[in-house]
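I opened the model to look up helix contacts, cores and cavities. My entries follow in the order I made them.

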Amino acid sequence: MSRRNKPTDATEGHTLAARFLRSAQLCRARDLKLLSILSDLVKGISELIHALQKERGASSIYLGSNGAHFADRLAERVAESRGLEERVRSHLEHMDEKLDPMSCGARFYTRVAFAFDGLESLPGIREQVSALALTPQDAVEAFTEVIALLLAVGFEAADIAADPETSRALVALVNFAQGKEYAGQERATAGAALSRGHFDAADRRHLRHLNAAQERAFKLFAEFADPRHVALFLELSNNMETAEFEQMRAAVLEQDPSGAPHAVSADAWYELTTRRIDRMRGIEDCVAADLGRLCAVKLAEATGANRVDAIDLGVFRRTAPLAMLVTDVDPATNSLGMAGGVELYSMDNGLPKPMRSIRDVVEAQSRRIDDINSQLESARVALTERKTIERAKGTLMRSRRLSEKDAYTLLRQTAMSQNKRIFEIAEAIISMVDIFKGPNP
């Protein structure tokens with residue numbers, strides 16, 4: 001009786017194997033669809049951020065000159081920002097409909113809520129700029145806060161990514177966007193000082209801080225980016241226009257401590273820095289476009305063909321455990337394999353002929369899983385360290401009543417004096433806060 005049931009049992013087992021393999025493919029397709037939606041969102045946000053950066057720079061010079069300069073240019077920047085703002089707002093409004101709420105987590109949707117709040121503040125900021133009711137620095141800080149809220153959505157999107165290749169591309173993109181944002185802050189800060197006719201010590205300290213912050217962000221970008229994109233950035237860093245910018249930056253930073261007017265004009269500074277940032281935008285567009293194509297290719301691979309149905313699992317009656325590893329049939333070689341290009345069998349008269357030992361297969365799969373885990377962990381560490389430093393800065397700003405730049409300066413100086421990394425100092429600050437907030441033993 002039991003012998004008669006064996007074929008039926010084996011058939012049921014292979015049916016279950018096919019069912020679970022199909023479920024695995026559906027999960028992967030869902031993850032890749034999520035990544036595709038998030039990458040589109042990040043691309044739209046980066047376009048809006050670029051427009052807001054130009055509007056911020058024009059606003060700072062307009063206010064610094066007390067409305068005498070940049071009125072027409074500011075109007076153009078505002079119109080450009082508003083058009084992109086509506087597109088991003090529409091995208092964000094329907095984000096919870098496009099995504100499974102359980103797949104993104106509370107932090108992502110919290111960041112989206114904060115980004116909405118930031119977008120709602122833009123009309124009020126523009127009214128105050130138009131009425132000359134803000135100082136240049138206040139306007140820069142107001143736009144910078146909105147941009148920071150938008151960037152935070154991008155960083156959370158990168159944190160969600162489960163596919164190692166797309167995760168690295170997202171981490172590279174958001175860090176490049178962060179570096180470009182620091183460059184935009186530098187343009188606005190120096191532009192405001194030049195338009196009002198003098199620098200003070202705080203301006204120069206802040207500009208040096210922004211210079212160092214750009215270097216950190218672009219270093220992270222180079223660590224995670226595709227070599228082609230890194231080559232584009234190196235080409236930008238070494239061209240004649242960048243050399244001209246570096247000379248102008250040095251002249252601004254080395255200005256007479258008395259604050260006397262500098263030979264560099266606000267118009268010249270804005271034009272040169274804008275060309276530099278626009279070139280950065282070109283690289284950002286390239287990274288975003290390649291990320292979109294990568295997501296599209298992976299999603300098509302996951303949803304295009306039902307690979308499990310194409311495999312006759314009945315031929316694996318004696319190798320059912322290995323059948324769980326099979327994910328593809330190579331039409332060129334007529335061989336069965338698993339993810340990562342590890343071939344298991346070639347087909348001979350409809351039957352599988354072993355090509356590699358089980359040990360080889362398991363070792364190859366183990367190496368691939370380790371590589372994926374290593375890449376994901378590297379991306380997670382970079383994001384976690386950034387969030388920890390941001391949290392520590394916020395703690396110092398509240399407890400010591402410091403500005404953001406002063407809080408970061410304090411972190412950096414403490415790290416240098418103790419010969420530690422900034423992340424370690426940030427962790428110590430947060431742990432002490434948690435101790436003080438905790439219950440009494």
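**Entry 1: two helices in contact**

I looked up where α8 touches α9, and found Phe218, Phe221 and Ala222 in α8 meeting His229, Val230 and Phe233 in α9. Contact means heavy atoms within 4.5 Å. By class, this contact has five nonpolar, one polar and no charged residues. Ala, Val, Leu, Ile, Met, Phe, Trp, Tyr, Cys and Pro count as nonpolar, Asp, Glu, Lys and Arg as charged, and the others, Gly among them, as polar.

Helix α8 covers residues 201–224 and helix α9 covers residues 227–237; their axes come within 8 Å and cross at roughly 145 degrees. The axes are lines fitted to C-alpha atoms over the stretch in contact, with angles from 0 to 180 degrees between N-to-C directions. Helices are DSSP runs (H or I, at least four residues), numbered from the N terminus.

I noted what I was working with: a predicted model, in which local features need pLDDT of at least 70 and side-chain atom pairs count only at pLDDT 80 or more, while totals for chains, interfaces and linings use all residues. Residues are numbered from 1 along each chain as its sequence is written, and side-chain values use heavy atoms, with hydrogens and water left out.

**Entry 2: cores**

Which residues touch the most other members of the largest nonpolar core? I found Leu52, Phe108, Val129, Leu150 and Trp269, in a core of 82 residues. Helix α1 gives the most to this core, with 16 residues. Apart from it lies another core, of 12 residues, including Ala392 and Ile430. A nonpolar core is a set of buried Ala, Val, Leu, Ile, Met, Phe, Trp, Tyr and Cys residues joined through side-chain atoms within 4.5 Å; buried means under 20% relative accessible area with a 1.4 Å probe, protein chains only.

I then followed Leu150: leaving aside neighbours within four places in sequence, Leu150 is in contact with Ile45, Leu48, Ile49, Leu52, Ala115 and Leu119.

**Entry 3: cavities**

I found two cavities of 30 Å³ or more. A cavity is a set of points on a 1 Å grid over the protein atoms alone where a 1.4 Å probe fits but cannot get out, and lining residues have an atom within 4 Å of a point.

The largest cavity holds about 70 Å³ of space. Leu150 turns up again in its lining, and so do Ile45 and Ile49. Helix α1 gives the most to this lining, with four residues.

The second largest cavity has a volume of about 30 Å³. Trp269 is one of its lining residues.

Methods:
1 Å grid on protein atoms, 1.4 Å probe; cavity = no way out; pocket = protein on both sides within 12 Å on 5 of 7 lines; lining within 4 Å. Points joined across faces, edges and corners; volume = space filled by probe spheres on them. Buried < 20%, exposed > 50% of the residue type's maximum accessible area, 1.4 Å probe, protein only.
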